[in-house]
Each structure stands twice: as C-alpha cells, then as structure tokens.
Amino acid sequence: MPIDPDKAIGADLGSTEFSWSESDVLLYHLAIGASDLSYTLESAGLQVLPSFGVVAPTFHASDPPPLDLPGCDINLAQVVHGSQSISVTGAIPTSGSARVSTRISDVWDKGKAAVIWQEGVATSPDGEELWTTRSSIFVRGEGGWGGDRGTSEPVVLPERAADADTTYDVLPQQALLYRLCGDRNPLHADPEFARGAGFPAPILHGLCSYGIVLRTLTEQLLDGDASAVAGFGVKFAGVVFPGETIRVRGWREDGRILGSATVAGGERDGAPVLGDVVLTTA
C-alpha cells in the first residue's frame, strides 16, 4: 500500500533551523514579479510579503523537494501542489533566523488521488511564534483505500463587480527565475520531465502564482502595505505556463479580501489558476 494513513497522520517531520537575508527577500520579490521599490530596494523601506515565509525554510535548497514522508511511498512525478496558506503574527523581518517544526496533519482519500496535509510552525530563536503554514499535496493515482475524503468549504465570490481587476504577464523565464527560491522540481524547468508528468511543457510553480496573486491584491487593495496582511490561503485550481497572462480579481468582503486568478487571453482564456483565495487583514 503506497500510502498508510495510520503511519502518516500525526507523523513528526522534524525541525529545521534556517536563516534569510535581505538579498533573499529581494530575489523572492523579483521572482514573483515585484517592481515597486518597497519590495526591491533596501533604502526605500524594504518590506516582506508574508508569502516569503512559505519558502524561507528551503530558500537555499538546491535539490528537488524530498518526498520522504512516513507512510507515503510516492513519486515526485505524481505530485501537484494542492493548497497553501500562511498566517503571520506580525511583519516578517527583512533578515533573521528561525526554526520550523513540521508534521503531517491529515491524509485524505479522494478515490483516484490522495491528499496529504502538512503543517509547519516557525519560531524565532527566543521561542516567539512567527508564522504557521498549512499545505497539501495532491498525489495522483494513490487513492482508493477507503479512507476519509476530507471536508471542503468553497469560497463563494460576491455577485458584483470586483474591487480590483488586473492582469500580470508571466515572463517566459519566470519559472527558471523562481526555481532560485529553493524549488528545483524539474517539472518547472525540464521539458522531457514535464511531458512524462502529463504536461506539454514545464509549468509555473504553484507557489509563484501564489506570490504573484498576493502581491497583486496587496498592491491593488491594501495600498501595497505588506504588514496589513495577516494571512493568505488558496487552492491550486489549475496550471499556468510561462508566457501566459494571469487575471487577478479581488473583492473586499466582511473584513477580508476574496479573490480569483484565471488565465487571460489565448486558447486557455478563463482557465482557473487559483481558487478559494482568501486574504485576511491585520
């Protein structure tokens, strides 16, 4: 049995110490398309988008992400990022060090696939909690053992015009740039590997789309103030190919910002990119 939920759920994945610098923050912001000087220039009051906390622990990794998960015998080519969220306790410093402790929090059986959830808590050297991440991976072909299907509460978007509606043109080399942020999965760079995984070409990292959309909503609806973001969560609803355009819409609703991201233009116009987009404010 490739996935044994009894072994997987609750498994401690250990703790990792890591550090980051202003150069890391600058590179991350450039990799998600930032051009505003508050994201790209130290003397302009450099700030940190909370999505950086998702990648900070592995930012200096040069190997593809490992899949050595207790009770889970899976192949990298089967895996697609399912969802991602982060909540922060305050503004992330432009440089610092921390420890992240991670565990498998749940495993769902979707019939033709499995969903594996992980939760990571980052703390400062003096024990202060900095942020918490929660993510899932979608493992194709590994469901069907009769396990818990899990729960889902889809985000319903308002039936009115969006408060922000804009587009971002993904660079042809965007995935090659973003892989310098610690995710060297060949799915995003190697055409042969991508074809073997069922895609016609390498796809953009889901976390790159995640950062692009958070940056866009922050710029459009929060005056570019990264410290106003308390949390950001999404479901990865589709893929983006480098060179395509992402349409980002956002609605202010009940003290939150709800959003959507789709492909704009071309043969895939309207194809979903991110769903269940929720930005909570500080």
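A salt bridge is taken here as a side-chain nitrogen of Lys or Arg within 4 Å of a carboxyl oxygen of Asp or Glu. In this predicted model, the side chains of Arg215 and Glu219 meet this criterion, with an N to O distance of 3.1 Å. Both residues lie in helix α7 (residues 206-221), four residues apart, or about one turn of the helix. Arg215 is buried, at 5% relative accessible area, whereas Glu219 is partly exposed, at 28%.

Seven salt bridges are found in the whole structure. In one of them, Arg247 pairs with Asp165, and the closest N and O atoms are 2.6 Å apart. Arg247 belongs to strand β8 (residues 245-253) and Asp165 to strand β6, so the pair ties together parts that are 82 residues apart in sequence. Arg247 is partly exposed, with a relative accessible area of 31%, as is Asp165, with 43%.

These strands belong to an open sheet of ten strands, ordered β1-β3-β4-β5-β2-β7-β10-β9-β8-β6, with antiparallel pairing. Its edge strands are β1 (12-20) and β6 (164-169). Seven bridges join β1 to the antiparallel strand β3 (residues 96-109); within β3, Val100 is the bridge partner of Thr16.

Val170, in the loop between β6 and α5 (174-178), has a relative accessibility of 3% and therefore counts as buried. Its C-alpha atom is separated by 5.5 Å from that of Glu244, 74 residues away along the chain. Beyond its sequence neighbours within four places, Val170 contacts residues including Leu204, Val240 and Glu244. Glu244 also forms a salt bridge with Arg268, at 2.7 Å between the closest N and O atoms. Glu244 is buried, with a relative accessible area of 16%, while Arg268 is partly exposed, with 26%.

Methods:
Residues numbered from 1 in each chain as written. Predicted model: local features only at pLDDT ≥ 70, side-chain atom pairs only at ≥ 80, totals over all residues. Heavy atoms only, no water. Pairing = 2+ DSSP bridges. Helix = DSSP H or I, 4+ residues; strand = E, 2+ residues; numbered from the N terminus. Buried < 20%, exposed > 50% of the residue type's maximum accessible area, 1.4 Å probe, protein only. Contact = heavy atoms within 4.5 Å.
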